[in-house]
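I opened this entry to keep track of what I looked up.

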Amino acid sequence: MGDNAPPEKSVNGISRRGFLGRTGFIIGAVALAGHISPAQAATTPAASSGPIADGARVPALVIGTGYGGSVAALRLAQAGVDVQMVEMGMNWDTPGPDGKIFPKVTSPDYRSFWLRTRTKAPLSNFLGFPLDKDVPRYTGILDAEDFAGITVYQGRGVGGGSLVNGGMAVTPKRANFAAVLPSVDAGEMYDTYYPRANAGLGVGMVDPAWFDTADCYQFSRVGRKHAQRSGFAWTFVPDVYDWDYMKREADGTATRSALAGEILYGNNHGKKSLVQTYLAQARATGRVTVSPLHKVTAVSPAAGGGYTVAIDQIDTTGTTVAAKTVIADRVFFAAGSVGTSTLLVKLKATGALPNLNGEVGKGWGENGNVMCGRANHMWDPTGRLQSTIPCSGIDNWDAGGAFAEVAPLPTGIETYASFYLSITKNPHRAEFTWNAAAGRADLSWQTAWKQPSITMARTIFDKINSKEGTIYRTDLFGGNKIWNDTLTYHPLGGAVLDRATDNYGRLHGYTGLYVIDGALIPGNASVNPFVTITALAERNIEKIIATDLP
């Protein structure tokens, strides 16, 4: 059956209560921002058919298969370097009992969450019903990783976060870039690396004329009307969804995907994840091998040069089934902001890499994420059919410190509600430290630190509510809360560029160790961050190949 074989043969029936609970799961999907299907992409040739072997020696080991790691693997392979990629999650290439690789967000099952026995949806309540449900423990696609004060949502699987986000592919305004990456030349980023990243990711824009008539974007047109009547700038937002495919979904000539409640737990058809873009190109070189369900636990200098890397191979229950040791000439940390940062602080504290500097673990932020909903009037319906792909936003960044995605609530019923994920200029930064007694990394984030984000988001929504005579929804997050202030979809920092590393991601203290993911960005990208992560990786790997490879 493959890695995606189900632990149970049947899918639960859906009662009215269950239907409402499951439809609510889609709501969290909106913020996690030529057509090739996942199954087709999985047939792309790789350098070898099996996972990395115990005792292997490899020229380059990439830890993680998200944006930075996929860029590094492709460019290294194109430069003639054989690359091994190690991925903690699964290779999502096998259909489940419903015949699909990925489940609907309205029907979470064993595929949905990473090693949990109960789901933890970003939106916990809907119409008075709690949404979470028990599920079998499984290496599912979405990790809700809990730290003190915050839950960090991350993708698990070959393709990383690109599997579970809404695909919103935003390049920051050039005027804001100095605050995002102050040590990087903006000219080279905007002239070379942002265009390269956008091309590589397959970024496109919704057809404005189609948008104005499509039933599935009525919610966004209502958001536009309300924003503009309150004097805010409203803008289209680029995305990596195949917009021609979405048009066919709408006219009934293609299998529905974004219009069938697919995104938070993967998208079966229209979205161009890394599996269809950078990773497909990397595998096609014949020089890149991906080992799913492999987790790096230690990296240390090897006696004969290079680095000894300890790896646990796990099964779909998270149980270690093999312990492997390999030697890598170069190691690229690309496990995401949290994965890279927690591994590095462990390696420094336990003496595996004691020469890492004191900046490791610092500068972590959550991109100012905060969520809210508004209850509209009966004459402002947002539509029963809503695409899971957001394509517009409200910009009050310069005046109020907030940019808000106009997000869907695709429950399959009319809600008369508008929903938003805001990105804000939250100034707070946290630090990862190693907790030796507990054997884990802790994060110093405090829930109270979300208050600046709430204050900034209110500069938009208080004004809209006042203008429209509407109110905030209080039934979405439990406890009559207006704001979801306990999560992030956009973890950034923890191994900040030009602090924990040099200005191209080389870790201080060790030759041949690199960080090449969102851990490099100090806490806030001003927009959805994956285009910036990709562009920065393109910049850094170009320099590394030119100067560091023999």
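Is Cys391 buried or exposed? I looked up its accessibility: Cys391 comes out at 0% relative accessibility, so the residue counts as buried. I note here that the model is predicted.

**Cysteines**

I stayed with Cys391 and asked which cysteine sulfur is closest to its own. The partner is Cys216, with the sulfurs 8.2 Å apart, too far for a bond. A disulfide needs the two sulfur atoms within 2.5 Å. I then checked Cys216 itself. Its relative accessibility is 2%, so Cys216 counts as buried. From the side of Cys216, the closest cysteine sulfur is the one in Cys391, again at 8.2 Å. I ran the search over the whole structure as well, and it returned 0 disulfides.

**Salt bridges**

How many salt bridges does a search of the whole structure find? I got 25. I took a few of them one by one.

I began with Lys173 and Asp395. Their closest N and O atoms are 2.7 Å apart, and the two form a salt bridge. Lys173 sits in the loop between β6 (150-155) and α4 (177-180), while Asp395 belongs to strand β13 (residues 392-396). The two residues are 222 residues apart, so I logged this as a link between distant parts of the chain. Next I compared accessibility. Lys173 has a relative accessible area of 40% and is partly exposed. Asp395, at 17% relative accessibility, counts as buried; the cut-off for buried is under 20%.

Then I looked at Lys247 and Asp207. Their side chains meet in a salt bridge, 2.9 Å from N to O. Lys247 is in helix α8 (residues 243-251), and Asp207 is in the loop between α5 (186-201) and α6 (208-211). The pair therefore ties together parts that are 40 residues apart in sequence. Both ends are partly exposed: Lys247 has a relative accessible area of 26%, and Asp207 has 29%. I also noted a network here, in which salt bridges with shared partners join Asp98, Asp109 and Arg111.

My last pair was Asp134 and Arg118. They form a salt bridge, with the closest N and O atoms 3.0 Å apart. Asp134 is in the loop between β4 (129-130) and β5 (142-147). Arg118 is in the loop between β2 (83-86) and β3 (125-126), and the two residues are 16 residues apart. Asp134 counts as exposed at 56% relative accessibility. Arg118 counts as partly exposed at 40%.

**Strands**

Which residue stands opposite Asp395 of β13? I found Ala233 there. β7 and β13 pair in the antiparallel sense, over 4 bridges. Both belong to an open sheet of 6 strands, in the order β7-β13-β14-β15-β12-β18, with antiparallel pairing. I asked which strands stand at the edges. They are β7 (233-236) and β18 (471-472). Each has a single partner strand, so one side of each is left without a neighbour in the sheet.

I turned to β8 next. It runs parallel to β2, joined by 4 bridges. Gln84 is the residue opposite Thr289 of β8. I then checked which way the side chains of β8 (residues 288-291) point. Val288 and Val290 point one way, and Thr289 and Ser291 the other way. All four of these residues are buried. In a regular strand, side chains alternate between the two faces of the sheet.

**Helices**

I checked the length of helix α10 (residues 336-349). At 1.5 Å a residue, its 14 residues should span 20 Å, and the end C-alpha atoms are 20 Å apart, which agrees. I listed its buried residues, among them Ser337, Val338, Leu343 and Leu347. After α10 comes Gly351, and its phi is positive, near 90 degrees.

My last stop was Asp548, in helix α13 (residues 530-548). Its side chain makes a polar contact with the side chain of Tyr514, at 2.8 Å. I looked up its other neighbours too. Leaving aside those within four places in sequence, Asp548 is in contact with Arg330, Arg506, Tyr514 and Lys543.

Key:
Residues numbered from 1 in each chain as written. Predicted model: local features only at pLDDT ≥ 70, side-chain atom pairs only at ≥ 80, totals over all residues. Heavy atoms only, no water. Salt bridge = Lys/Arg side-chain N within 4 Å of Asp/Glu carboxyl O. Buried < 20%, exposed > 50% of the residue type's maximum accessible area, 1.4 Å probe, protein only. Expected span 1.5 Å × (residues − 1). Polar contact = N/O pair within 3.5 Å; in protein donor to acceptor, adjacent residues only side chain to side chain. Contact = heavy atoms within 4.5 Å. Pairing = 2+ DSSP bridges.
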